[in-house]
Amino acid sequence: MKRTYDAPFEKYLNLADARLGTRALYVTDDWFAPVERMLQPTEPEWKEGVYDDNGKWMDGWESRRKRFEGYDHAVLRLGVPGTIKGVDIDTRHFTGNYPPSASLEACFLAEGDPDEHTEWVEVLPAVELEGNSHHFHSVADPRPWTHLRFNIYPDGGVARLRVYGIPHRDWSTVGADEPLDLAAALNGGRALACSDEHFGRMGNLLNPGRGVNMGDGWETARRRTPGNDWVIVALGHPGEIERIVVDTLHFKGNYPDSCSIQAAFVKGGTDSQIETQSLFWRELLPSQKLSMHQEHEFVEEIRSLGPITHVRLNVFPDGGVSRLRLFGRLAR
């Protein structure tokens with residue numbers, strides 16, 4: 001089953017994810033619920049009848065009822081600078097205590113953190129909010145940002161702030177002989193399409209570090225028809241692949257029997273068109289047997305195709321993969 005995305009930009013990396021190192025530098029008020037909860041990668045939860053010293057326990061950021069003019073805001077430092085494609089302001093479980101509206105500002109600082117002299121750019125003008133709902137808004141600004149200022153008017157609670165985009169990297173500073181994981185999300189790699197992501201999202205393949213559990217990987221449903229499952233990944237920068245790692249960590253009774261990788265240097269076309277093109281891509285890694293719960297490293301098995309921009313990981317017939325790493329050197 002292909003997952004339905006509420007907004008096309010959900011396929012991009014959540015730059016506001018605490019796992020990437022994103023954290024709050026300043027918040028005007030988080031009396032009822034600390035702002036750090038708003039940056040967690042997990043889905044917000046409701047704990048019936050649970051209270052702490054300040055009131056009802058809420059999974060998100062919640063400020064006090066404001067009794068003077070002004071509004072609340074939080075200043076965030078992104079774990080990795082990036083270009084924003086869209087935002088999801090999630091107020092799930094906040095019903096009588098959500099903000100009526102919110103906006104988002106950003107800045108880019110080569111070093112240091114914002115101060116009173118920092119000039120903020122409005123990337124999302126004030127939008128109306130409802131309780132217990134997702135609020136998806138696309139952003140059309142190609143500039144990269146290092147910090148965000150999230151404003152809520154005048155006060156209230158937000159379960160999650162997700163800021164989807166592409167990590168920014170100055171490739172001119174990378175040496176020609178410096179090997180990099182060109183598929184890594186932090187290097188701009190992104191999953192474009194897949195046959196199925198019933199249990200785990202395809203973008204998890206490119207997350208930093210090793211998977212924390214089965215949910216932190218890409219896993220398909222059990223295939224009951226002929227064929228195999230697959231996922232297409234766009235590299236952060238064109239390059240020549242020298243080492244491949246396919247990690248099945250945590251997948252024990254549900255890992256793929258084998259895998260192969262096709263690749264190509266793609267010029268133009270949309271994401272959906274690339275899916276069709278991938279049928280005819282050349283083989284970068286011939287079929288390789290996989291085992292449960294371990295990293296599989298391939299070097300000698302890789303075929304020399306020259307510079308590539310996209311890969312298609314095929315798994316036979318189905319199953320789960322925790323991480324895909326494609327180490328190589330930049331093609332200038």
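The model is predicted, so local features need pLDDT of at least 70 and side-chain atom pairs count only at pLDDT 80 or more, while totals for chains, interfaces and linings use all residues. Residues are numbered from 1 along each chain as its sequence is written, and side-chain values use heavy atoms, with hydrogens and water left out.

**Salt bridges**

- A search of the whole structure finds 21 salt bridges, where a salt bridge is a side-chain nitrogen of Lys or Arg within 4 Å of a carboxyl oxygen of Asp or Glu.
- As a general point, side chains of opposite charge can pair when their charged atoms come close.
- Another salt bridge joins the side chains of arginine 323 and aspartate 216, at 2.8 Å from N to O.
- Arginine 323 lies in strand β22 (residues 323-330) and aspartate 216 in the loop between β14 (190-194) and β15 (218-219), so the pair ties together parts that are 107 residues apart in sequence; strands (E, at least two residues), like helices (H or I, at least four), are DSSP runs numbered from the N terminus.
- Arginine 323 is buried at 2% relative accessibility, and aspartate 216 is buried too, with a relative accessible area of 6%.
- In the salt bridge between arginine 329 and glutamate 242, the closest N and O atoms are 2.8 Å apart.
- This pair links distant parts of the chain, since arginine 329 is in strand β22 and glutamate 242 is in strand β16 (residues 229-247), 87 residues apart.
- Arginine 329 is partly exposed, with a relative accessible area of 26%, and glutamate 242 counts as partly exposed at 36% relative accessibility.
- Salt bridges also link Glu43, Asp88, Asp90, Arg92 and Arg162 in a network.

**Strand β10 and its partners**

- Strand β10 (residues 144-153) is mostly covered, with 7 of its 10 residues buried.
- Strand β6 (residues 72-90) runs antiparallel to β10 and is joined to it by 8 bridges, and two strands pair if DSSP finds at least two bridges between them.
- Within this pairing, glycine 82 has tryptophan 145 as its bridge partner in β10.
- Strand β7 (residues 101-107) also pairs with β10 in the antiparallel sense, over 7 bridges, and here the bridge partner of leucine 104 in β10 is phenylalanine 150.

**Asparagine 14**

- Asparagine 14 is placed in strand β1 (residues 13-14), and it is buried, with a relative accessible area of 11%.
- A polar atom of the side chain of asparagine 14 lies 2.9 Å from the backbone nitrogen of valine 163.

**The cavity**

- A search of the whole structure finds 1 cavity of 30 Å³ or more, a cavity being a set of points on a 1 Å grid over the protein atoms alone where a 1.4 Å probe fits but cannot get out.
- The largest cavity has a volume of about 30 Å³, and a volume is the space filled by probe spheres set on the points, which are joined across faces, edges and corners.
- Its lining residues, which have an atom within 4 Å of a point, include Tyr12, Leu13, Gly165 and Arg190.
- Strand β12 (residues 160-167) gives the most to this lining, with 3 residues.

Definitions and conventions:
Buried means under 20% relative accessible area, exposed over 50%, partly exposed in between (1.4 Å probe, protein chains only). On a 1 Å grid over the protein atoms alone, a cavity is a set of points where a 1.4 Å probe fits but cannot get out, and a pocket is an open set with protein on both sides within 12 Å along at least five of seven lines; lining residues have an atom within 4 Å of a point. A polar contact is a pair of N or O atoms within 3.5 Å; within protein, one must be able to donate a hydrogen and the other to accept it, and residues adjacent in sequence count only if both atoms are side-chain atoms.
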